[in-house]
Amino acid sequence: MKIKTRLFGEIMVSKADIITFIVPILGFDDHVQYILIEKETAFPTFWLQSVEEPKLAFPVVSPFSVNENYSIKLCSHDCDELHIKGIDDALVLTLLVVPSDILSIRTNLRAPIVFNPQKRLAKQIILPGERYSIHYYIVDDRN
Amino acid sequence: MLILTRKLGESVIIGDNIKLTVVEINRSHIKFGIDAPKDITIHREEVFEKIMDENEYSSYSNMIDLS
C-alpha cells in the first residue's frame, strides 16, 4: 500500500515491513504500526514512520553508537512478549530529539525501543533506576 | 478516586497479587514498599511524564537533507 508522509513524500509500504508495537510509544496510544525508514542522504538517517498517521515520525539511533558503555538487561516478560530468545532477535533503538538548535540534539537512553526484526514486534521499555538519562546530549558535553 | 486511610506498617492489596505497604511516614513524604509480579512495571509518575514529553519532542524533529 501507499502512504503519504510528511517527511518522505509518498512511499510504498509492504505488509511484511510493518512493525507492530505491542505497547504503544508512550503518549501515542492510537498508533501502533510503524515502518523503519533508512534515508542515507539525510540526518538523522533512521526514522520510525507511523503507517496510520502520515505526519508522525520519530528519528531513531542505535544507543550503542552514542554511548559505548550502553547496555540493557531485558526482563523475561519483555522477552516473552517480543519473542526474543537470544541477542540476535533484538534490536535496540532510542528516540532522537532534533531541535532547531542542532547542538542540543539528544536521545532518550532511559526508554529504548526494543524491536524483534524477525517477528516485527516492538515495545518501548523504561529502564529501572537512573543510570541512563532521558535527555542524553549527543554533541556537547552537558551530560 | 478511592481513598483509604492506612497506618505505618499497614497495606492495601490491589488485584490478586499487588501489595502496597506504608513503610515510612515523614512530615512531607511517605515511603511505600510494593510487592508485585515481575511483569508489572512500576515507575514514578514524573518519569512517565518526562518520557511522554520527550517522545512528543522527538515527533517534532525535522529531517536535514544532505543530498
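# Strand pairing, interface and salt bridges

Reader: Which residue stands opposite A:I3 in β2(A)?

Author: In β2(A), A:I3 has A:I11 opposite. The model is predicted, so to speak of local features a pLDDT of at least 70 is needed, side-chain atom pairs count only at pLDDT 80 or more, and totals for chains, interfaces and linings use all residues. Residues are numbered from 1 along each chain as its sequence is written, chains are lettered from A and ligands numbered from 1 in the order in which they are written, and side-chain values use heavy atoms, with hydrogens and water left out.

Reader: How do β1 and β2 of chain A pair, and over how many bridges?

Author: Strand β1 (residues 2–5) and strand β2 (residues 9–12) of chain A are antiparallel, with four bridges. Strands are DSSP runs of E, at least two residues, and helices are runs of H or I, at least four, numbered from the N terminus. Two strands pair if DSSP finds at least two bridges between them. A hairpin of three residues connects β1(A) and β2(A).

Reader: Which salt bridge does A:E10 make?

Author: A:E10 meets A:K2, side chain to side chain, at 3.8 Å, N to O. The term takes a side-chain nitrogen of Lys or Arg within 4 Å of a carboxyl oxygen of Asp or Glu.

Reader: Buried or exposed, A:K2?

Author: A:K2 is exposed, at 56% relative accessibility. A:E10 is partly exposed, at 48%. Buried is under 20% relative accessible area, exposed over 50%, and partly exposed in between (1.4 Å probe, protein chains only).

Reader: Now β6(A). How many of its residues are buried?

Author: Four of five, in strand β6 (residues 46–50) of chain A. β6(A) is joined by five bridges to strand β4 (residues 33–38) of chain A, antiparallel, and A:L36 faces A:L48 there. β6(A) also runs antiparallel to β7(A), with four bridges, and the partner of A:W47 in β7(A) is A:P59. The hairpin from β6(A) to β7(A) has six residues.

Reader: Changing topic. How many residues are in contact between chain A and chain B?

Author: 32 residues of chain A and 20 of chain B, with contact taken as heavy atoms within 4.5 Å. The two chains bury about 2300 Å² between them, 64% of it on carbon and sulfur atoms. That area is the accessible area (1.4 Å probe) that two parts lose on being put together, summed over both.

Reader: How many salt bridges between chain A and chain B?

Author: One. B:E54 and A:R106 form it through their side chains, at 2.5 Å, N to O.

Reader: Which elements of chain A give two or more residues to the side that touches chain B?

Author: β5 (42–43), β7 (57–61) and β8 (91–97) of chain A. Of these, β5(A) runs antiparallel to strand β4 (residues 64–65) of chain B, joined by two bridges, with A:A42 opposite B:D65.

Reader: How many salt bridges over all chains?

Author: Six. One of them is A:E81 with A:K123, at 2.6 Å, N to O. A:E81 lies in helix α2 (residues 76–82) and A:K123 in strand β11 (residues 121–124) of chain A, so the pair ties together parts that are 42 residues apart in sequence.

Reader: Is A:K123 buried or exposed?

Author: Buried, at 8% relative accessible area, whereas A:E81 is partly exposed at 27%. A:D78, A:E81 and A:K123 are linked in a salt-bridge network.
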